[in-house]
Amino acid sequence: MRKIILSILGLALIAGALFGAQLLIDSKRKSKPKPSRVIKTVFVDTVKNKTIPIQITANGNLTAKRRLELFSEVQGVFKGGSKLFKTGQKYKKGQTLIRIDASEYYATVQSAKSNLYNLVTSIMPDLRLDYPEIYDKWQQYLTNFDMNKATPVLPESTSEKEKYFITGRNIHSTYYNVKNLEQRLAKYRISAPFDGVLTEALITEGTLIRQGQKLGEYIDEGIYEMEVAIGREYSNLLKEGASVELSDLNKSKIYTGIVTRINGSIDQASQTITTFIEVKDESLKEGMYLEAYLNTRNEDNAIEIDRSLLQEEDKVFVVRDSILDIITVKPVFFSDKKVVIKGVPDKTMILSKSVPGAYAGMLVKIYKEKKGNSNVLSDTSTGTTKKQ
């Protein structure tokens with residue numbers, strides 16, 4: 001009897017423990033809340049089709065339109081002048097850039113000129129006796145002959161006899177030999193052909209210059225050109241003389257350029273056309289990197305949006321009665337960040353900012369900005385507003 005009672009009590013304790021444990025487990029369980037319906041807020045623009053100028057963006061570096069690479073055609077020692085031959089040195093038109101010691105060659109020229117003078121002098125007695133009618137002009141030639149100046153032009157022969165007589169005395173060949181030496185003597189001095197600045201100097205005073213050696217570079221810093229590559233599809237839209245807007249990388253300053261030259265051939269590798277844009281400004285420097293914006297044509301009844309808003313290359317999201325919908329459009333031009341599209345009716349509400357996870361049929365709220373900088377959300381399905 002005692003064993004039966006103990007067994008009943010043991011079973012009762014086990015049952016009570018199980019019941020208490022179940023109560024503890026049930027007390028920790030929380031009911032899952034029902035998920036609330038999330039309505040995303042979107043930014044929209046009301047479409048108004050207009051004429052959009054198609055603008056091509058290109059970039060490149062400036063180079064001086066007038067550039068002179070200095071090379072020596074003669075040999076000698078570089079002599080210093082009134083200005084140092086250093087990078088950044090400015091010169092006026094006609095000023096001496098480089099002067100090479102020509103004292104030895106100058107003596108050779110003077111010897112040749114003296115030989116010509118002696119030849120002309122030797123024929124004067126014969127001219128007085130045999131050709132008195134031409135004696136005066138040759139006497140005038142000797143009078144004007146100055147050893148320290150360029151050799152004057154020989155008098156023109158007026159008869160066959162005079163031509164044969166002068167040629168037979170070897171005067172013409174001697175004269176042209178002197179002129180050839182004078183031309184080479186002039187190459188010992190290089191003058192500035194225009195106002196500009198020295199951008200590269202490869203020699204210094206006392207340097208022995210050799211024939212064919214590069215001496216430096218000289219540019220006109222008033223006019224620059226920028227070479228850009230334009231797609232071949234716009235070849236028939238570009239015209240010489242067209243105005244071009246340019247800016248630096250920071251877009252801190254705007255310059256105005258002109259299309260001066262368009263290459264007649266297309267680059268086979270890149271299928272682009274090389275176009276040259278001329279620009280003038282005192283603040284410009286050679287090597288500056290600029291961006292050019294070329295207006296090619298106008299597209300009527302179109303709008304311009306961010307490329308991120310274009311879906312599948314020909315679709316965009318619109319809002320109709322607080323529900324997203326998707327329509328097909330016609331892209332007509334792509335730039336780096338924008339795309340010009342056609343086919344969107346006026347007064348259509350189109351997304352102005354992309355929405356992550358957007359899909360057709362999605363319920364949305366339109367963001368509106370109230371006067372007084374008080375932002376509100378408008379729920380077009382209920383007609384109510386909430387302050388943010």
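Predicted model: local features only at pLDDT ≥ 70, side-chain atom pairs only at ≥ 80, totals over all residues.

Residues are numbered from 1 along each chain as its sequence is written, and side-chain values use heavy atoms, with hydrogens and water left out.

**Salt bridges**

Side chains of opposite charge can pair when their charged atoms come close. Here a salt bridge is a side-chain nitrogen of Lys or Arg within 4 Å of a carboxyl oxygen of Asp or Glu. By this rule the count is 21 salt bridges. Three of them are tabulated.

| Pair | Closest N to O distance |
|---|---|
| Glu 217 and Arg 67 | 2.5 Å |
| Arg 67 and Glu 286 | 1.9 Å |

Elements are DSSP runs numbered from the N terminus: helices are H or I with at least four residues, strands are E with at least two. Glu 217 forms its salt bridge with Arg 67. Glu 217 sits in strand E11 (residues 214–219) and Arg 67 in strand E4 (residues 67–71), so this pair ties together parts 150 residues apart in sequence.

Burial follows relative accessible area: buried is under 20%, exposed is over 50%, and partly exposed lies in between (1.4 Å probe, protein chains only). Glu 217 is buried, at 13%. Arg 67 is partly exposed, at 36%.

Arg 67 also forms a salt bridge with Glu 286. That pair links distant parts of the chain, 219 residues apart. Glu 286 lies in the loop between strand E15 (272–279) and strand E16 (289–306). Glu 286 is partly exposed, with a relative accessible area of 29%.

Arg 67, Glu 217 and Glu 286 belong to a salt-bridge network that also includes Glu 69, Glu 200 and Lys 214.

Lys 137 lies in helix H3 (residues 132–144) and Glu 162 in helix H4 (residues 160–168), so the pair connects parts 25 residues apart in sequence. Lys 137 is partly exposed at 25% relative accessibility. Glu 162 is buried at 1%.

**A nonpolar surface patch**

Ile 5, Leu 6 and Leu 9 form a nonpolar patch on the surface. Patches take residues with over 30% relative accessible area and no salt bridge; like charges are joined within 9 Å, nonpolar side chains (Val, Leu, Ile, Met, Phe, Trp, Tyr) within 5 Å. Together the three residues have about 290 Å² of accessible area, by the Shrake-Rupley method with a 1.4 Å probe, where for residues only the protein chains shown count as cover. Ile 5 lies in helix H1 (residues 2–28). Ile 5 is partly exposed, with a relative accessible area of 44%.

Glu 299 is in strand E16. Glu 299 is buried, at 14% relative accessible area. Beyond neighbours within four places in sequence, its contacts (heavy atoms within 4.5 Å) include Lys 50, Thr 51, Val 332 and Lys 342.

Phe 194 occupies the loop between strand E8 (189–191) and strand E9 (196–201). Phe 194 is buried, with a relative accessible area of 9%. Leaving aside neighbours within four places in sequence, Phe 194 touches several residues, among them Arg 66, Tyr 91, Tyr 218 and Asp 220. The C-alpha atoms of Phe 194 and Gln 268 are separated by 37 Å, and the two residues are 74 residues apart along the chain.
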